[in-house]
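Dear colleague,

I am handing over the structure below, and I would be grateful if you could read it alongside the notes that follow.

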Amino acid sequence: MESQITWVQNPAQAANKTASNTQRWSVEDIEALFALPFNDLLFKAQQVHREHFDPNAVQLSTLLSIKTGGCPEDCAYCPQSAKYDTGVDAEKLMPLDEVLKAAQAAKDKGATRFCMGAAWRSPKDHQVEAVGEMVSAVKAMGLETCVTLGMLKDHQAKQLQAAGLDYYNHNLDTSPDFYGDIISTRTYQDRLDTLDRVRDAGIKVCCGGIVGLGENLTQRAGLIAQLANMDEPPESVPINNLVKVEGTPLADNADIDPLDFVRTIAVARITMPKSFVRLSAGRETMNESTQALCFLAGANSIFYGEKLLVTDNPELERDTQLFKKLGLKRFEN
Ligand code: SAM
Ligand code: DTB
Ligand code: SF4
């Protein structure tokens with residue numbers, strides 16, 4: 001039977017671009033991957049992974065919140081939305097010298113990419129200019145750069161590209177049909193439009209989602225279909241496990257089974273063979289065995305450093321020990 005849920009293609013994307021990604025995944029194809037016996041799924045994912053990557057190398061990205069809290073959007077998972085009382089206060093944009101100090105510390109600890117996040121719906125031109133200066137200075141230190149600032153206009157994407165930005169993070173978060181249950185202050189199409197602008201400006205795309213929002217399995221497959229069917233799939237695909245934050249509407253969501261999280265990583269790996277798949281938020285409460293299975297399923301990037309944006313991430317020592325136990329090494333660009 002035909003699935004009700006399909007992926008949404010941006011009409012502008014369809015009209016203007018030569019498709020380099022000829023493979024199309026239906027939501028049903030992806031549901032069938034999820035339904036495979038666990039061992040078959042992981043074997044397949046590991047096979048695909050080995051065709052394109054060193055299976056023992058993991059890319060390390062460090063996050064910094066350069067503008068925390070007070071966001072006008074109502075994303076039901078987010079501790080930085082001004083609509084929810086989460087104890088996160090609104091701050092101003094961090095000064096350049098503090099950002100550079102944090103970037104240097106991240107580099108010294110072994111990160112190769114520095115990701116700067118701002119709790120904005122969409123930045124103003126002067127804010128993009130200030131972030132552009134941060135990008136240029138961080139890049140000059142020899143780190144790859146990534147920023148996530150919300151929705152962009154064409155000229156803002158171009159300005160960030162000119163500043164030397166390597167990646168723009170802008171997540172689709174879930175399937176098109178579930179999006180309205182999670183966020184009411186913007187549409188899925190708004191997200192796709194910004195992703196298009198980022199691509200057109202020549203910036204690499206970092207785009208993924210969250211599991212554990214309350215989505216059903218078809219909707220989880222719908223997110224993966226959406227990502228995998230892009231004309232050019234994102235170079236970087238963060239898969240976040242919901243961090244349940246007191247005060248947000250999703251604070252009491254049921255935990256997903258850790259093995260279902262592993263399956264999501266495996267399905268992302270199989271459908272986006274050349275992308276870096278990042279085991280992202282949610283590692284703080286994830287045991288070593290689950291993380292090891294995620295690496296086996298094809299995850300080859302993590303957020304490294306004691307904080308994500310405002311919530312906790314594992315201590316460096318814990319990650320160092322895990323890498324040692326698993327014989328993992330850092331991916332060198
Ligand atoms: N405001 C910008 C935006 O929404 O694109 C950038 C920052 S926003 C915090 C970046 C991403 O963090 C979101 O798209 C979401 O995927 C992720 N995120 C936020 N809160 C989360 C949570 N509690 N658990 C897991 N991921 C979360
Ligand atoms: C992404 O996919 N996950 C990161 C990053 N991109 C910006 C953010 C995770 C946020 C987790 C909750 C917090 O600390 O605010
Ligand atoms: Fe704002 Fe981004 Fe949080 Fe949504 S996810 S409330 S846009 S900071």
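Throughout, a residue is called buried when its relative accessible area is under 20%, exposed when that area is over 50%, and partly exposed in between, with a 1.4 Å probe and the protein chains only. This is a predicted model, in which local features need pLDDT of at least 70 and side-chain atom pairs count only at pLDDT 80 or more, while totals for chains, interfaces and linings use all residues. Residues are numbered from 1 along each chain as its sequence is written, chains are lettered from A and ligands numbered from 1 in the order in which they are written, and side-chain values use heavy atoms, with hydrogens and water left out.

Two loop residues come first. Asp173 is buried, at a relative accessible area of 4%, and belongs to the loop that joins strand 4 (167–169) to helix 7 (176–182); helices (H or I, at least four residues) and strands (E, at least two) are DSSP runs, numbered from the N terminus. Although Asp173 is not a glycine, its phi is positive, at about 70°. Ala299, in the loop between helix 11 (288–296) and strand 9 (301–303), is likewise buried, with a relative accessible area of 2%. Its C-alpha atom is separated by 9.7 Å from that of Ala45, which is 254 residues apart from Ala299 along the chain.

Next, the helices. Helix 5 (residues 125–140) has 16 residues and reaches 23 Å from its first C-alpha to its last, close to the expected 22 Å (1.5 Å times one less than the number of residues). Its buried residues are Gln127, Val128, Val131, Gly132, Met134, Val135 and Val138. They lie on the same side of helix 5 because they cover an arc of only 165° around the axis, the arc being that of the directions from the helix axis to the C-beta atoms. His126 and Ala140, on the other side of helix 5, are exposed.

In helix 6 (residues 154–162), the buried residues are Gln156, Ala157 and Leu160. Their arc around the axis is only 100°, which puts them on the same side of helix 6, whereas Lys158 and Ala162 are exposed on the other side.

Finally, the ligand. Around ligand 3 are Cys71, Glu73, Cys75, Tyr77, Cys78, Ser81, Ala119 and Arg186, each with a heavy atom within 4 Å of it. This shell divides into five nonpolar residues, one polar and two charged.

Key
Nonpolar A, V, L, I, M, F, W, Y, C, P; charged D, E, K, R; others polar.
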